[in-house]
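Let's take a friendly walk through a protein chain together. Have the picture at hand and follow along.

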Amino acid sequence: MPADLRADAEALPHLPRRVRIGYGLGSLCTGTFATVPGLILLYYLTNILAVPAAVAGAAVFLPKAWDVLINPLVGAVSDRSRLRGGPRRPFLLVGACTLPPLFALLFAAPPLRGAAAAGYVAVLFLLAATAYAVFQVPYVTMPAEMTEDPAERGRILGWRVGFIGVAILLSGALAPAVAHAGGGSPASYRTMGVAVAVLLAVGMFGAWHTTRWAPAVARSEAEPSLRAQLAAARSHRPFAFLAGMWTLQALAIGVMLAGVQYFATYTLGSPTAVTPLFACLIGPLVLVMPLWNRLSRRWGVKGAQWCASLLFLAGALLLALTPAAGPALGYGSVAVIGVAYAGLQLLPLTMLADTLAADVARTGKRRAATFTGLWTAAETLAFALGAGVFALVLAVTGFRSSDAGHRVAQPEAALTGITAGMSLLPAVLAAASLWLLHHYRVDGPGTATTASAHPGPAPDPSDPQQEVTHRAD
């Protein structure tokens with residue numbers, strides 16, 4: 001950033017610890033809502049409510065596709081808000097009051113089956129996705145408005161990513177364990193829905209309450225329409241490449257999340273195997289996060305992102321060998337993916353913050369709300385599309401749906417499709433994302449992103465002679 005702005009940022013005091021921790025609490029919501037529906041909603045439809053795989057995929061995907069429209073709209077409305085309590089916090093409160101009860105109702109398991117059950121779930125999921133957007137978009141925008149100091153933003157994001165790890169670990173282990181505690185009965189899913197709703201409420205109300213002490217040193221404004229926001233994204237090519245890369249990687253993760261319960265049930269042979277399987281995936285998240293931080297400081301964020309992406313690709317390919325090599329390889333491969341997943345949770349967010357800071361220095365415009373709205377819409381859509389894509393694999397390979405009281409044998413093609421959908425398909429998506437990562441370029445003061453795919457020193461934020469540039473090969 002220019003020297004005068006940098007001096008102002010250095011003069012700002014550190015944010016109160018309660019604000020950093022309290023803001024991070026909101027990730028108990030974002031991590032949980034991104035994980036639980038993707039993990040068990042498709043399985044809940046096909047194996048508890050007897051919804052055909054193709055219909056179940058549509059019921060999961062279409063409500064979340066709504067986020068492509070609602071997220072940018074929420075960003076624009078919150079920008080123009082003059083409500084008491086600031087432009088963002090009132091939206092956090094609205095989301096906190098609506099999402100937890102809607103989530104509990106989503107898994108209420110009404111006495112419906114087939115298409116009727118799919119319709120019920122689709123409507124509740126649409127409402128829940130809307131409530132989530134009302135909370136998430138202002139929440140993601142807030143760090144850019146709390147401080148102009150890149151180091152302080154990094155500390156805020158550190159708490160956010162830490163709580164994301166806690167949320168994913170808690171919800172990803174808790175939800176399947178509670179859902180299968182009673183043999184996978186509808187009553188067990190109702191209990192799970194209430195338990196997860198409580199976790200959502202704790203995070204959302206906690207973030208709303210504690211950010212009352214957050215300063216507002218900057219104000220970003222979104223473009224007035226979705227068309228204008230998309231035009232802004234196209235004009236900022238580093239963001240376009242970065243968002244495209246993350247969308248493909250989020251899609252790969254979404255496919256895996258949708259498939260993990262099927263993989264546990266039909267490849268490893270036990271529905272309850274999903275809990276240790278998920279522990280292998282998420283367990284490394286908190287443990288190795290500091291290592292990814294250290295690697296990003298040494299090689300630059302882009303170099304570290306290359307390592308995480310390639311490690312994810314290798315783990316996905318190894319996972320395809322599980323039917324031949326046995327469960328041990330399956331658990332080990334998922335652990336490797338978990339190490340990579342820790343980096344994929346942290347590094348793209350860091351790259352996004354760097355990209356937004358570089359955009360301010362280059363254009364003089366504060367467009368964080370525009371870009372974060374599009375980012376969250378693309379991320380949410382990718383996770384939802386992951387479930388839809390896996391459902392399509394099930395439908396094509398002849399998967400047979402059932403209700404909780406009647407289990408059916410699956411054809412060999414469906415078993416093969418489950419393994420391939422869990423491993424080879426995410427590997428293809430991860431490989432495609434590497435092309436976009438290669439073309440991502442952003443250098444400048446306050447950024448930690450390298451200008452090439454090869455490891456090297458990060459830009460020096462103290463050097464006023466460095467200029468912000470962006471280019472694409």
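This is a predicted model: local features need pLDDT of at least 70, side-chain atom pairs count only at pLDDT 80 or more; totals for chains, interfaces and linings use all residues.

Helices here are DSSP runs of H or I with at least four residues, numbered from the N terminus.

**The whole chain**

The chain has 19 helices and zero strands. It contains 473 residues, and 57% of them count as buried. Among the contacts with a separation of 6 or more, 82% join residues 24 or more positions apart. The chain exposes about 17200 Å², and carbon and sulfur atoms supply 68% of that area.

Is glutamine 305 buried or exposed? Buried means under 20% relative accessible area. Glutamine 305 has a relative accessible area of 0%, so it is buried. Leaving aside neighbours within four places in sequence, its contacts are Met245, Gln249, Gly343, Leu344, Leu347, Pro348, Met351 and Leu437.

Leucine 310 also lies in helix H14. Its relative accessibility is 43%, so leucine 310 counts as partly exposed. The C-alpha atom of leucine 310 is 10.0 Å from that of isoleucine 337, and these two residues are 27 positions apart along the chain.

**Helices that pack together**

How do H6 and H9 run relative to each other? Helix H6 (residues 89-106) packs against helix H9 (residues 186-210) at an angle of about 175°, and their axes are 8 Å apart. Angles over 145 degrees count as roughly antiparallel, and H6 and H9 are therefore roughly antiparallel to each other. On the H6 side, the residues that meet H9 include Leu92, Leu93, Phe103 and Ala104. Their partners in H9 include Val194, Leu200, Met204 and Trp208.

Helix H12 (residues 274-282) and helix H13 (residues 284-299) pack at an angle of about 10°, with axes 6 Å apart. That makes H12 roughly parallel to H13. Ala279, Cys280, Leu281 and Ile282 of H12 make the contact with Pro284, Leu285 and Val286 of H13.

**Residues in loops**

Serine 423 is found in the loop between helix H18 (412-422) and helix H19 (424-439). Its relative accessible area is 0%, so serine 423 is buried. Apart from neighbours within four places in sequence, serine 423 is in contact with Ala316, Leu319 and Ala320.

Most residues other than glycine have a negative phi. Alanine 50, although not a glycine, has a positive phi of about 55°. Alanine 109 has a positive phi too, of about 50°. Alanine 50 sits in the loop between helix H3 (27-47) and helix H4 (53-65), while the place of alanine 109 is in the loop between H6 and helix H7 (115-146).

| Residue | Relative accessible area | Class |
|---|---|---|
| Alanine 50 | 27% | partly exposed |
| Alanine 109 | 5% | buried |
| Serine 423 | 0% | buried |

Which residues make the nonpolar surface patch of about 310 Å²? They are Trp66, Val68, Leu69 and Leu126. One of them, valine 68, has its place in helix H5 (residues 67-80). With a relative accessibility of 31%, valine 68 counts as partly exposed.

Technical notes: Residues are numbered from 1 along each chain as its sequence is written. Side-chain values use heavy atoms; hydrogens and water are left out. Patches are made of residues with over 30% relative accessible area and no salt bridge: like charges are joined within 9 Å, nonpolar side chains (Val, Leu, Ile, Met, Phe, Trp, Tyr) within 5 Å. Accessible areas come from the Shrake-Rupley method with a 1.4 Å probe; for residues, only the protein chains shown count as cover. A salt bridge is a side-chain nitrogen of Lys or Arg within 4 Å of a carboxyl oxygen of Asp or Glu. Helices (H or I, at least four residues) and strands (E, at least two) are DSSP runs, numbered from the N terminus. Buried means under 20% relative accessible area, exposed over 50%, partly exposed in between (1.4 Å probe, protein chains only). Axes are lines fitted to C-alpha atoms, for helices over the stretch in contact, and angles run from 0 to 180 degrees between N-to-C directions. Angles under 35 degrees count as roughly parallel, over 145 as roughly antiparallel, 65 to 115 as roughly perpendicular and the rest as oblique. Contact means heavy atoms within 4.5 Å.
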